[in-house]
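Open the model in your viewer and keep the selection tool at hand. This tour goes from stop to stop and says what to select at each one.

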Amino acid sequence: MEPTAKRAGLTREKVLRAALALTDRDGIEKLSMRRLGTELGVEAMTLYHYVPNKSALLDGLVELVVSAVRTGEDAARADWTGRLRDLADSLRTELLRHPGVIPLVATRPVGTAAALRAVEATGAALVAAGFTPVVALRIVNAVATLVIGHCLAEAATTPGHPEPPAAALDLADFPALAAATAAGLGTPADHDARFTLALDALLTGLATTRP
């Protein structure tokens, strides 16, 4: 290991957390090994002792976010639908905490052991409830896809949306939309209600597939 790295006290986790902080602040499109090295006070080449390439760095960001997800192991969530609800709620919380990483989670398969633990724990609970492993993982994927899609729509700082919001439209010709907007459509409370509605509908439907 280079002396510079030793002096900086770097570890893989420290590098990944610095990358996550940089992404939270400036967006994933601004993340580079050079900028990350500057943040940590080392040359970019030093970082390759901890992450072999940019792809591994991105996988590490997915790992940090997904590995923080709770999977409802407590007794109060012993039922399989409760486990799925805990997974969904916790995943949404983590994604909205780090909106710059949402596109990565949406497009990069979970590929590290730490990130796979949440998937495995929930899948195993479904298998214990009587689902086959294939169906169990399809269900976990369906719930995760719902959460990720909702968060992509809900987050205001994902890449590709740097411009300020457009001026409000005249809704005179759209009475249903106007009434919904007046009732709070698009507010944080509305995001919560829409998420709960979609998750409830999905879990109700999934319940009919139980063996």
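**Stop 1: Asp-59**

Select Asp-59. Leaving out residues up to four places away in sequence, Asp-59 touches Arg-108 and Thr-112; a contact means heavy atoms within 4.5 Å. This is a predicted model: local features need pLDDT of at least 70, side-chain atom pairs count only at pLDDT 80 or more, and totals for chains, interfaces and linings use all residues. Residues are numbered from 1 along each chain as its sequence is written, and side-chain values use heavy atoms, with hydrogens and water left out.

Asp-59 sits in helix α5 (residues 54–67). Helices (H or I, at least four residues) and strands (E, at least two) are DSSP runs, numbered from the N terminus.

Next, show the side chain of Arg-108. Arg-108 and Asp-59 meet in a salt bridge, 3.0 Å from N to O. The term means a side-chain nitrogen of Lys or Arg within 4 Å of a carboxyl oxygen of Asp or Glu. Arg-108 lies in the loop between α7 (102–107) and α8, and Asp-59 in helix α5, so the bridge ties together parts 49 residues apart in sequence. Buried means under 20% relative accessible area, exposed over 50%, partly exposed in between (1.4 Å probe, protein chains only).

**Stop 2: the whole chain**

Zoom out and colour by secondary structure. The chain has eleven helices and zero strands. Of its 211 residues, 38% count as buried. Look also at the contacts with a separation of 6 or more: residues 24 or more positions apart account for 70% of them.

**Stop 3: more salt bridges**

The whole structure holds eleven salt bridges. Select Arg-85 and Asp-200. Their closest N and O atoms are 2.9 Å apart, in a salt bridge. Arg-85 is in helix α6 and Asp-200 in helix α11 (residues 188–207), 115 residues apart. Arg-85 is partly exposed at 24%; Asp-200 is partly exposed at 32%.

Move to Glu-154 and Arg-92. This salt bridge also has its closest N and O atoms 2.9 Å apart. Glu-154 lies in helix α9 and Arg-92 in helix α6, so the pair ties together parts 62 residues apart in sequence. Glu-154 is buried at 17%, and Arg-92 is buried at 11%. Then select Arg-25, Asp-26, Arg-35 and Glu-39: salt bridges that share partners join them into one network.

**Stop 4: rings**

Arg-92 lies over the face of Phe-195, 4.8 Å from the ring centre. Here a charge sits over a ring if NZ of Lys or CZ of Arg is within 6 Å of the ring centre and within 35 degrees of the ring normal.

Trp-80 is in helix α6 (residues 80–97), and Phe-131 is in the loop between α8 (113–128) and α9 (133–154), 51 residues apart. Trp-80 is buried at 8%, and Phe-131 is buried at 3%.
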